[in-house]
Amino acid sequence: MDVEELNKEHYQTCKTYWEKSPANLTGMMGGLDHLSSFDLSASMQFLYPFHKALRLKRGNEKLCVCDCGAGIGRVTKCLLAGFFDTIDMVEQCESFLEKSARFLGPEDEKVERKICSSLQNFTPEKNRYDAIWCQWVLAYQSDQDLVHFLKRCGQNLKCDGYILVKENYCLGTHNQIDEIDGSICRTDFQWKTIFKRADLKITSEAKQPNFPIDLYPVKMF
């Protein structure tokens with residue numbers, strides 16, 4: 001399927017799916033919440049060297065990260081809060097943001113901004129973020145909108161900052177689209193083509209371990 005451009009109906013399908021999902025861990029993980037610990041463990045290992053490099057560059061400066069597609073804050077609470085001083089959450093479902101404080105608990109104090117926006121309409125504030133984390137959210141963007149979004153991220157990051165991406169990918173030569181939630185599973189080659197079009201350089205990549213073989217594989221960039 002050609003996903004270079006997608007219409008408003010496609011984006012509404014995606015939004016409606018998530019608005020009907022419960023604002024809890026099961027909802028955020030699509031019923032696969034038993035995989036959350038495996039996901040977070042691999043993400044911590046992948047993020048560690050990037051955080052170390054930022055700390056060496058920034059010294060004692062506070063580090064700020066943007067969690068894109070944040071939901072109720074699973075990644076914010078269980079991953080990013082352990083590495084960064086301040087966090088902004090970007091999420092298009094307002095109900096998730098409204099209920100996030102209860103889920104986050106004490107980690108809610110690290111969240112400075114809760115921004116209700118789709119990624120195709122979001123522009124990161126210039127020089128605010130040391131890192132931008134995008135997980136299981138870029139799959140809902142058309143190729144064109146995704147390239148534009150990533151370009152805005154790259155242009156507005158702090159100097160020597162990082163964009164970190166964690167998404168499903170499919171084997172073979174063609175992308176696959178989920179008719180239920182509207183997500184697009186791209187091939188590894190297509191993901192790398194997107195990054196190249198967005199003028200981004202891949203400095204590291206790793207496959208998510210310990211996921212069932214009947215699910216799409218997951219990769220971090």
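Which residues is leucine 150 in contact with, leaving aside its neighbours within four places in sequence? In this predicted model, local features need pLDDT of at least 70, side-chain atom pairs count only at pLDDT 80 or more, and totals for chains, interfaces and linings use all residues. Residues are numbered from 1 along each chain as its sequence is written, and side-chain values use heavy atoms, with hydrogens and water left out.

With those neighbours set aside, leucine 150 is in contact with Leu138, Ile163, Ile194, Phe195, Ala198 and Leu200, contact being heavy atoms within 4.5 Å. Leu150 is, with Ile132, Leu138 and Phe149, among the residues with the most contacts inside the largest nonpolar core, which has 25 residues. A nonpolar core is a set of buried Ala, Val, Leu, Ile, Met, Phe, Trp, Tyr and Cys residues joined through side-chain atoms within 4.5 Å; buried means under 20% relative accessible area, exposed over 50%, and partly exposed in between (1.4 Å probe, protein chains only). Two or more residues are given to this core by each of β1 (64-68), β4 (131-135), α7, β5 (162-168) and α8 (188-197), where helices (H or I, at least four residues) and strands (E, at least two) are DSSP runs numbered from the N terminus. The largest share, five residues, comes from α7. Another core, of 21 residues, lies apart from this one and includes Val65, Phe83, Ile87 and Tyr162.

Helix α7 has 14 residues and reaches 20 Å from its first C-alpha to its last, close to the expected 20 Å at 1.5 Å a residue; the expected span is 1.5 Å times one less than the number of residues. Its buried residues are Asp143, Leu146, Val147, Phe149, Leu150, Arg152, Cys153 and Asn156, and they pack against β1, β4, β5 and α8. Arginine 152, although buried, has no salt bridge, and the nearest side chain of opposite charge, aspartate 145, is 6.8 Å away. A salt bridge requires a side-chain nitrogen of Lys or Arg within 4 Å of a carboxyl oxygen of Asp or Glu; Lys and Arg count as positive and Asp and Glu as negative, while His and the chain ends are not counted. Not counting residues up to four places away in sequence, arginine 152 touches Leu119, Gln120, Asn121, Phe122, Thr123 and Pro124.

Helix α3 (residues 36-58) has a kink of about 35° at leucine 47, shortly before proline 49; the bend is the angle between axes fitted to the seven residues ending there and the seven starting there. Glycine 59, with a positive phi near 65°, follows α3.
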